[in-house]
Amino acid sequence: MAKKLVIVESPTKAKTISRFLGKDYVVEASFGHVRDLPKSKMGIDIEHDFAPQYLVPLKAKKRVKELKAIAKTADAVLFATDEDREGEAISWHLAELLGMKPESVQRIVFHEITKDAITHALENPRPIDLRLVDAQQARRILDRLVGYELSPFLWKKIYKGLSAGRVQSIAVRFVVEREREIQAFKPQEYWTIEGVFTTKDNGKLEAQLAVYEDKKLEKLGVTTEAPAKEMVEKMLAGAWTVKEIRVKEQQRSAAAPFTTSTLQQEANNRLGFSSKQTMVLAQQLYEVGHITYMRTDSVNLAEKFRTDAGAYITEKFGAKAFTPRQFKGRKGAQE
């Protein structure tokens with residue numbers, strides 16, 4: 001009995017999605033890209049509108065052959081690759097290899113791997129978005145045009161194997177400009193005076209001198225060692241009392257949901273992860289259905305998550321503990 005074929009990118013994602021689909025579906029993975037530009041040459045016809053010359057890499061040939069065989073016996077083929085430029089391009093390449101027209105393709109997309117999200121996606125298929133495909137191709141072609149011209153220059157001047165593409169080239173300029181700013185910086189000496197005091201209950205209280213002789217001490221108020229030592233000697237000769245205790249109430253708001261950049265920053269600050277480590281782990285969490293799609297600059301939260309989280313917090317800690325918040329994304333964010 002023929003089934004509907006659903007093609008995703010990774011085997012982990014395929015396994016997770018299989019749990020939510022019935023016996024009428026078979027889920028297969030493409031294992032990433034199935035076509036690319038050749039490695040041995042530029043692979044772009046510059047004289048004819050920069051037309052790319054795609055081929056199926058050796059490592060993908062067996063998988064493509066298997067997918068073609070399964071697609072021939074399937075009732076329908078649905079492409080469920082990630083909803084970004086790369087995912088859209090993978091679906092387009094697959095459709096081309098399977099002999100399908102982009103406008104007739106059933107493309108399904110979701111931002112979280114849950115039963116509700118997948119069911120909704122199956123009920124609302126769309127054609128391949130050729131604008132995203134064109135964007136991915138433009139990026140790939142630009143990478144090749146810059147990289148294949150610039151990289152050999154680096155091999156001659158620095159050492160072989162360095163890669164220089166559209167991103168690395170601009171990044172080098174940022175590094176150079178920042179280094180020039182660092183070199184142009186003029187350091188200025190300043191001193192701070194700090195003390196450790198014993199409280200009545202034999203506790204320790206650390207404090208920094210803020211006011212001296214009835215004058216507020218600015219950050220650069222003490223610029224050399226001599227006056228700093230003189231001030232310390234004067235203060236050590238006197239008696240110390242607590243003049244005033246100020247108690248302030250501060251209100252702290254929850255941070256907005258992670259975007260790609262804030263996720264990477266927090267992972268680096270708290271765990272020391274590199275950007276690559278963070279995104280590899282995030283991809284794995286997404287594929288097994290634990291987080292929503294992480295390549296985004298949107299702070300939107302899934303409605304189901306908001307509802308479920310609200311119900312859990314209310315049940316566990318009471319209604320007062322839950323205050324739903326709607327975070328506003330920046331203009332142009334990938335909502």
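Helices (H or I, at least four residues) and strands (E, at least two) are DSSP runs, numbered from the N terminus. The model is a predicted one, in which local features need pLDDT of at least 70 and side-chain atom pairs count only at pLDDT 80 or more, while totals for chains, interfaces and linings use all residues. Residues are numbered from 1 along each chain as its sequence is written, and side-chain values use heavy atoms, with hydrogens and water left out.

**The second largest pocket**

Select strand 7 (194–198), strand 8 (204–208), strand 9 (211–212) and helix 7 (225–236); each of these supplies at least two residues of the lining of the second largest pocket. Strand 7 gives the most, with four residues. A pocket is defined on a 1 Å grid over the protein atoms alone, as an open set of points where a 1.4 Å probe fits, with protein on both sides within 12 Å along at least five of seven lines; lining residues have an atom within 4 Å of a point.

The volume of the second largest pocket is about 1,200 Å³, a volume being the space filled by probe spheres set on grid points that are joined across faces, edges and corners. Now display F197, A207, W240, T241 and K243, which lie nearest the pocket's centre among the 26 lining residues. By class, the lining comprises 14 nonpolar, five polar and seven charged residues. Here Ala, Val, Leu, Ile, Met, Phe, Trp, Tyr, Cys and Pro count as nonpolar, Asp, Glu, Lys and Arg as charged, and the others, Gly among them, as polar.

Remain on K243, which is located in the loop between helix 7 and helix 8. Is K243 buried or exposed? K243 counts as exposed because its relative accessibility is 83%; buried means under 20% relative accessible area, exposed over 50%, and partly exposed in between (1.4 Å probe, protein chains only). To set the scale, draw a C-alpha to C-alpha distance from K243 to T73: these residues are 170 apart in sequence and 86 Å apart in space.

**Two residues with positive phi**

Select N202, in the loop between strand 7 and strand 8. N202 is not a glycine, yet its phi is positive, at about 65 degrees. With 63% relative accessibility, N202 is exposed.

Proceed to E213, in the loop between strand 9 and strand 10 (215–216). E213 likewise is not a glycine and has a positive phi, of about 50 degrees. Its relative accessibility of 55% makes E213 exposed.

**Helix 8 and helix 9**

Select residues 260–271 (helix 8) and 275–287 (helix 9), whose axes come within 9 Å and cross at roughly 115 degrees. Helix 8 is therefore roughly perpendicular to helix 9, a description that covers angles of 65 to 115 degrees.

**Two further lysines**

Select K304 in helix 10 (residues 303–317). K304 is partly exposed, at 39% relative accessible area. Its C-alpha atom is separated by 18 Å from that of L285, 19 residues away along the chain.

Finish at K101, in the loop between helix 3 (85–97) and strand 6 (106–107). K101 is exposed, with 57% relative accessible area.

Note on methods: Axes are lines fitted to C-alpha atoms, for helices over the stretch in contact, and angles run from 0 to 180 degrees between N-to-C directions. Angles under 35 degrees count as roughly parallel, over 145 as roughly antiparallel, 65 to 115 as roughly perpendicular and the rest as oblique.
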